[in-house]
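Student: I am new to this model and would like to learn how to read it. Could you walk me through a few features?

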Amino acid sequence: SYFASRLPQSATPHLRLPSWPARRLMASMTTPRLPFLPARTRSAVAATSSSSPSSPLPRRSIKCSSSTNANSAPLPSTSRQPRAPVADGVGSADLNGLRAPPIPVADSPLPAYRDPHGLPRPLTSADLMESSGEGLKVAYQGFPGAYSEAAAKKAYPNCQTVPCEHFDTAFQAVQNWIVDRAVLPLENTLGGSIHRNYDLLLRHELHIVGEVRLAVRHCLLANRGVKIGNLRNVISHPQALAQCEHTLTELGIEHRQAVDDTAGAAKLVAEQMLQDTGAVASSLAAELYGLDILAENIQDEKVNVTRFMMLAREPIIPRVDKPFKTSIVFSLEEGPGQLFKALAVFALREINLTKIESRPHKKRPFRVADDTFSTPVKYFNYLFYVDLEASMADPKTRKALGNLEEFAPFVRVLGSYPTDVSEV
């Protein structure tokens, strides 16, 4: 046989091992093994059985206890269960120097792990608000007639709008429970991102609960009786002036003055009865302040859309039955490929990114890129704002953020909210 061929030649004539089927047959004919007992106990039982073969072994009942005696080895289960692996390949040793068998696997399976992020959270007041905004107080930046007020009315048609002088004032109004929501601009198709609001998102503990897109149609406004040829100056918000730069030049208006708000510019022209100065604002502002509309749709590009964010003190419950967007911000350590690794955690899970914006890290403005020279090279340190085409209710989104947190020193979810799919 195989085993006999592996024995020394001198030992082969004196020992012949049976073949494998024969050993299986012999094993089936032997008496069942006794349960595990210490070596001395087994020898004593064997001596008793040899001296009194006809007398049966006395049976002893064993009481199970939750505590284990340190001087005795645990008895294994009588059922034939596979043994759990042990670190050194053998059972543990007791105080008598005896080896105990490994603890058998339990019959009942362990309870399944449940992700705590997947558990439902209690409803908040943000979830119970009427979608029409009935009874809501909504803050916006600017004077009545501003584009932000129109966006607030589109987001919450029946709300009570509350004008605020600055963006920071609107954030504070929500945080201090003066208003329920705020609707503030985040980016424009012509002027780009409103960086001030990105910085304020990080400073305040508010949540993005929705977005609304508004088509911006600029008008050139002036007092009654004033013609375009009389205008030597025009005032408006810097973004509005930038969006109408070429058109204003073609109209022969060379001087521009920036103010805090488009509606505020219209209000200033009306209150001071300016005859050589016009304002770039909305048709609603012309109606509110009694101005004439000298030209409509004066933006350089006909498609001019601003995306506004809706802010609340509490987040809403994300869903997967409708398009959702998730906005996050994170920072990265110095090293090659760090941004690539951060974006890869979403690409590998087929999560689409709709926007990425970098802003200087104000608390840590510089990072040392190479300290091998006598003078270390310092570069700007950045925060990355990213919009994901995904919902936090999706497990793969949570896994992607968990993966990002493994190497990003700072990660914060700004909000998970429905995507605006309405026509503009």
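Predicted model: local features only at pLDDT ≥ 70, side-chain atom pairs only at ≥ 80, totals over all residues.

Student: Where is the place of His218?

Tutor: His218 lies in the loop between β5 (207-215) and β6 (219-222).

Student: Which residues does His218 touch, leaving out those up to four places away in sequence?

Tutor: Among them are Tyr147, Gln243, Cys244, Val280, Glu296, Ile298 and Asn304. Ala240 is also touched by His218. These two residues are 22 residues apart along the chain, and 7.6 Å separates the C-alpha atoms of His218 and Ala240.

Student: Now to the strands. What is the order of the open sheet of 4 strands?

Tutor: The order is β13-β16-β12-β17, and the pairing is antiparallel. On average, neighbouring strands here are turned by 15° against each other, direction ignored.

Student: Over how many bridges do β12 and β17 pair?

Tutor: The antiparallel pairing of β12 and β17 runs over 8 bridges. As for facing residues, Ser331 stands opposite Phe410 in β17.

Student: Which helices pack on the sheet?

Tutor: One of them is α7 (residues 195-203), which touches β12, β13, β16 and β17. The direction of α7 makes about 85° with that of β13. Helix α12 also packs on the sheet and touches β12, β13 and β16, with its direction at about 150° to that of β13.

Student: Let us stay with α12. How do I read its packing with α13?

Tutor: The general idea is that two packed helices are described by the angle between their axes and the distance between the axes. Here, α12 (residues 338-347) and α13 (residues 395-405) pack at an angle of about 160°, and their axes are 9 Å apart. Angles over 145 degrees count as roughly antiparallel, and α12 and α13 are therefore roughly antiparallel to each other. The crossing of α12 past α13 is right-handed.

Student: Which residues make the contact?

Tutor: From α12 come Ala342, Val345 and Phe346, and from α13 come Ala400, Leu401, Asn403 and Leu404. By class, this contact has 6 nonpolar, 1 polar and no charged residues.

Student: And which residues of α12 are buried?

Tutor: They are Gln338, Ala342, Ala344, Val345 and Phe346. The buried residues of α12 pack against β12 (324-331), β13 (353-360), β16 (382-388) and α13.

How values were computed:
Residues numbered from 1 in each chain as written. Heavy atoms only, no water. Axes fitted to C-alpha atoms, helices over the stretch in contact; angles between N-to-C directions. Helix = DSSP H or I, 4+ residues; strand = E, 2+ residues; numbered from the N terminus. Parallel < 35°, antiparallel > 145°, perpendicular 65-115°, else oblique. Left-handed = near helix turned anticlockwise from the far one by under 90°. Contact = heavy atoms within 4.5 Å. Nonpolar A, V, L, I, M, F, W, Y, C, P; charged D, E, K, R; others polar. Buried < 20%, exposed > 50% of the residue type's maximum accessible area, 1.4 Å probe, protein only. Pairing = 2+ DSSP bridges.
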